[in-house]
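Visitor: Hi, I have just opened this entry and would like someone to walk me through it. Could we put it on screen and begin with the open spaces?

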Amino acid sequence: MTMATIEEEVETRHDPINRLRATMCATRVSFEWFGTRKSLTRDQKAQAAESFGAEGAFLSAGKKLLDTGHPRFRAVSAVRNQVRKYWTSVSLPFPESGIRLLRQDALNAFQEQMHRFTEELAEAVAELDEQYLSMKSAARERLGSLFNDDDYPATLVGLFEVAWEFPSIEPPNYLRQLNPELYEQECQRVQSRFEEAVRLAEDAFLDELSKLVSHLTDRLSGHADGRPKVFRDSAIGNLHEFFERFRSLNVRSNEQLDALVSQCQNIVEGMQPQELRKRNALRQQVASDLSSVQAALDGLLVDRPRRQIIRTPK
């Protein structure tokens, strides 16, 4: 291993921007979704506007083609929500629309999970299609003269899809030879985007932890009608999920945030919700400890515009 390679590895290990570039890959998730709403024609809008004494050109109106509250349709929508939630949970934000950063060593697991979602979506759509004719018939009754058979495809199969890709966000190598100056400009642009990605990741973790700690502190210390507030097990469970995600995706750009996460984790480590409900003294102690964490988090939130990304001096 050359001295240059060793220096590069050391720099990557200690510089969150280079670490992000070296260990992450870009991902984009997209959906093809059958539209269940359709605008009224000009004549239909004019007719609707007439009943209000308005002009059709100044009226925006549409019709709902299918009942999206139907259990089969909701099942299809649930898969999309699960995909979005999963993608967000395993990735970091990136300052380019539709792109998030995924750990390279998590790529295979991501692929496998997305394929499972694809299968679940196909099954949900097939079950929805079984009810399609009856849903279409119900729409005919509800829409009356607004119903148009041409608005409806023969089948819903193939009209709900999820796709994902791994776009390149690094400067293309061919620019180095074709236009070195442009290549350097692209390198600087990408570098600035990763600088912003580090800030976005830090801010996302800070905001999430602040909300979780604030909620649990309020549940533990607050009272309603003279009695301690009720809190769900998820108030603690969500914190543990955060700790795991932070451990996996943290780019170690802010030592204060790292320390506060560790402090918070130590406070709730091994803590059982039922124990907190039974032991009031313990409940108040945990609430007090979390309050100190919340105060420090509030300070970081206020100082956020002035914080600098940690870099190793060259």
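Visitor: How do the residues in the lining of the largest pocket divide by class into nonpolar, polar and charged?

Guide: The lining of the largest pocket has six nonpolar, four polar and six charged residues, where Ala, Val, Leu, Ile, Met, Phe, Trp, Tyr, Cys and Pro count as nonpolar, Asp, Glu, Lys and Arg as charged, and the others, Gly among them, as polar. Before we go on, please keep in mind that this is a predicted model, in which local features need pLDDT of at least 70 and side-chain atom pairs count only at pLDDT 80 or more, while totals for chains, interfaces and linings use all residues. Residues are numbered from 1 along each chain as its sequence is written, and side-chain values use heavy atoms, with hydrogens and water left out.

Visitor: OK, and what counts as a pocket here?

Guide: On a 1 Å grid over the protein atoms alone, a pocket is an open set of points with protein on both sides within 12 Å along at least five of seven lines, a cavity is a set of points where a 1.4 Å probe fits but cannot get out, and lining residues have an atom within 4 Å of a point.

Visitor: How much space lies in the largest pocket, and which residues lie nearest its centre?

Guide: The largest pocket holds about 380 Å³ of space, a volume being the space filled by probe spheres set on the grid points, which are joined across faces, edges and corners. Of the 16 residues that line the largest pocket, Ser89, Val90, Glu241, Phe242 and Arg245 lie nearest its centre.

Visitor: How far apart are the C-alpha centres of the two domains?

Guide: The C-alpha centres of domain 1 and domain 2 are 31 Å apart. Their contact, meaning heavy atoms within 4.5 Å, takes 14 residues from domain 1 and 15 residues from domain 2.

Visitor: What about the second largest pocket, how much space is in there?

Guide: About 180 Å³ lies in the second largest pocket, and its lining includes Ser89, Arg100, Phe205 and Arg245. H8 gives the largest share of that lining, four residues, and the second largest pocket also lies between domain 1 and domain 2, since both contribute residues to the lining.

Visitor: And how many cavities of 30 Å³ or more does the structure hold?

Guide: There is one, and the largest cavity has a volume of about 30 Å³. Among the residues that line the largest cavity are Ala201, Phe205, Phe246 and Leu257, and the lining divides into five nonpolar, three polar and one charged residues.

Visitor: Switching topic, in what order do the strands of the sheet come?

Guide: Four strands form an open sheet in the order S4-S5-S1-S6, with antiparallel pairing; two strands pair if DSSP finds at least two bridges between them. The edge strands, each pairing on one side only, are S4 (91-93) and S6 (161-165).

Visitor: How many bridges join these neighbours, say S1 to S6?

Guide: S1 and S6 are joined by five bridges, with Arg28 opposite Glu165 in S6. Strand S1 (residues 24-32) pairs with strand S5 (residues 100-103) over four bridges, where Met24 stands opposite Arg103 and Ala26 stands opposite Leu101. Three bridges join S4 to S5, and Pro93 has Arg100 in S5 as its bridge partner.

Visitor: Which residue takes a positive phi in the hairpin of S4 and S5?

Guide: That is Gly98, with a phi near 80°, in a hairpin that has six residues between the strands.

Visitor: Last one, which strands does helix H2 lie across?

Guide: Helix H2 (residues 16-23) lies across S1, S4 and S5 and runs at about 60° to S1, where axes are lines fitted to C-alpha atoms, for helices over the stretch in contact, and angles run from 0 to 180 degrees between N-to-C directions. Helix H5 (residues 107-130) also packs on the sheet, touching S1, S5 and S6, and its direction makes about 165° with that of S6.

Terms used: Helix = DSSP H or I, 4+ residues; strand = E, 2+ residues; numbered from the N terminus. Domains from an automatic or database assignment.
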